[in-house]
Amino acid sequence: LEDELAGTISVDVMADLFEKADSKKSLNDHLQNAIQIDLNDRIVFVKHLFDGDQNDFNRVVSQLNTFKTEKEAKKFINSMVKPDYDWSDKEVYETRLFEIIERRFT
């Protein structure tokens, strides 16, 4: 029996290997499906589009990450977010935000 089991891996070691592999895949999947906004854009968006409210910005990004289509995400911004803030004369920042949203779905 020892000869037959000599080249095998214990169940505990095998479980650890699969657990580590699953966590890497989940992180990768999450990053591919999430909106990626760099620090400079975050600062600009919070300051100019969300009146300096970091929490509101974070909530909106979190909500955007739940949508399955670009159309849903843009509809959410136009109907639920923009009415709460004055984005007039801020087309440059709005356009940049929409570019980031589009990039997520391509």
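1. Glu94 belongs to helix H6, which spans residues 91–104, where helices are DSSP runs of H or I of at least four residues, strands are runs of E of at least two, and both are numbered from the N terminus. Glu94 counts as buried because its relative accessibility is 12%; here buried means under 20% relative accessible area, exposed means over 50%, and partly exposed lies in between, with a 1.4 Å probe and protein chains only. Once neighbours within four places in sequence are set aside, Glu94 is in contact (heavy atoms within 4.5 Å) with Leu49, Asn78, Lys82 and Trp87.

2. Residues are numbered from 1 along each chain as its sequence is written, and side-chain values use heavy atoms, with hydrogens and water left out.

3. Val81 lies in helix H5 (residues 70–81) and, at 3% relative accessibility, is therefore classed as buried. Not counting residues up to four places away in sequence, Val81 touches Phe50, Val60, Phe76 and Trp87. The C-alpha atoms of Val81 and Val60 are 7.8 Å apart, although 21 residues separate the two along the chain.

4. Which residues of H3 are buried? They are Asp41, Phe45, Val46 and Leu49, and they line one face of the helix because, seen down the axis of H3, they fall within an arc of 130 degrees, the arc being that of the directions from the helix axis to the C-beta atoms. The face turned away from that buried side carries the exposed residues Leu39, Asn40, Ile43 and Lys47. The cover over the buried residues of H3 includes H6 and helix H4 (54–64).

5. After H3 comes Asp51, which has a positive phi, near 50 degrees.

6. As a whole, the protein contains six helices and zero strands, and buried residues account for 25% of its 106 residues. Of the contacts between residues at least 6 apart in sequence, 59% join residues at least 24 apart.

7. On confidence, the mean pLDDT of the protein is 83, and 70% of its residues reach 70 or more; pLDDT is the predictor's confidence in each residue, from 0 to 100. Confidence is highest in helix H3 (residues 39–49), at a mean of 96, and lowest in helix H2 (residues 11–33), at 58. Where pLDDT is low, the predicted coordinates should not be read in detail.

Notes:
Predicted model: local features only at pLDDT ≥ 70, side-chain atom pairs only at ≥ 80, totals over all residues.
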